[in-house]
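Please look through the following structure, with attention to how its chains are built and how they meet. A short report follows.

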Amino acid sequence: MTELTLEQMEDLQALVSARVRVLSPETGISVGSSGPIKRDELLAHIEAGDEIGKNFIAMDWQFLQSLKTGEIYEAIAKYS
Amino acid sequence: MKQLPNIPKSILITRPQGDNALKYLELWSQKIIDVAQEKGATILDLIGKRANREEFEKIIRKKNPELIILNGHGNYNFLTGQNKEILVEAGKNHEILSNSIVYAISCRSAKILGKSVASTGDGAYIGYLEDFVFYYDESKVYRPLEDKKAGLFLEPSNQVAISLLKNHSAAEASESSKRYFMRNIKKLLTTDNSSVENSQFISVLY
């Protein structure tokens, strides 16, 4: 993930949290090696900025970048 | 390119139990087992307590399975079985996998363990470089195979093993799975009854 300023990181954290909140609270998430968690636990990890939170933010950031650059649409076209 | 024989002699699958993620992997793997049985392969099923290091090493040495499917939690340099016991670890016993085609349904193991395995034999290792993330519906944990949310992730993942069992090479199986993931993304982008959750699903699928 590109180096972000503190302000950019806070914005990204807020954006990813908002995106995760659209999931049903009954969504289970298998992430990392520590076992599955629920939506609200994932939100807590994101807000705490711990390893699970940071990894999830990095993954969502990569997706958001792919929308911006169009990479995701190229990938869809490539595999269609 | 490494690929399975038309009728594989035996396939080994680990299915540790202990949390909901493992339960989903265990039950969704049954689809792989069904295809392997149709092909006439002997299934060496290390389920639950049998997914321990001693039995894992013993059965590989004795049966030399052509395909090994590893379900479980993991990290860059190792993969675990029941009670998170390390079954295989780079630099310790990774060479045990070196002559088989391996598919690891686990976080991160392709990065170090996969490279170690690939560099020591004539087999192949397919796995994930970073976290293998999937969503599931907590209300479906007693009927995981009916969980459409989880199916978006686990069907394309299963495609690796199913494609290998249909005599495709490791590289072709990996591409086939990526195509399946992309097909699901496209489906979510174009479906009429689009839910706000879809954007999050796509992010994880991508």
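Chain A has four helices and two strands, where helices (H or I, at least four residues) and strands (E, at least two) are DSSP runs numbered from the N terminus. This is a predicted model, in which local features need pLDDT of at least 70 and side-chain atom pairs count only at pLDDT 80 or more, while totals for chains, interfaces and linings use all residues. Residues are numbered from 1 along each chain as its sequence is written, and chains are lettered from A and ligands numbered from 1 in the order in which they are written. From the N terminus on, the elements of chain A follow the order α-β-β-α-α-α, and the C-alpha trace of this chain spans about 35 × 30 × 25 Å along its principal axes.

Between the chains, 25 residues of chain A are in contact with 26 residues of chain B, two residues being in contact if their C-beta atoms, placed from the backbone, lie within 7 Å. Each element of chain A in the table supplies at least two residues of the side that touches chain B.

| Element of chain A | Residues |
|---|---|
| Helix H1 | 6-21 |
| Strand S1 | 27-30 |
| Helix H3 | 51-69 |
| Helix H4 | 71-78 |

Of these, H3(A) gives the most to that side, with five residues.

The chains are also joined by strand pairing, since S1(A) and strand S9 (residues 134-137) of chain B pair in the antiparallel sense over four bridges; two strands pair if DSSP finds at least two bridges between them. Within this pairing, Gly28(A) has Tyr136(B) of S9(B) as its bridge partner.
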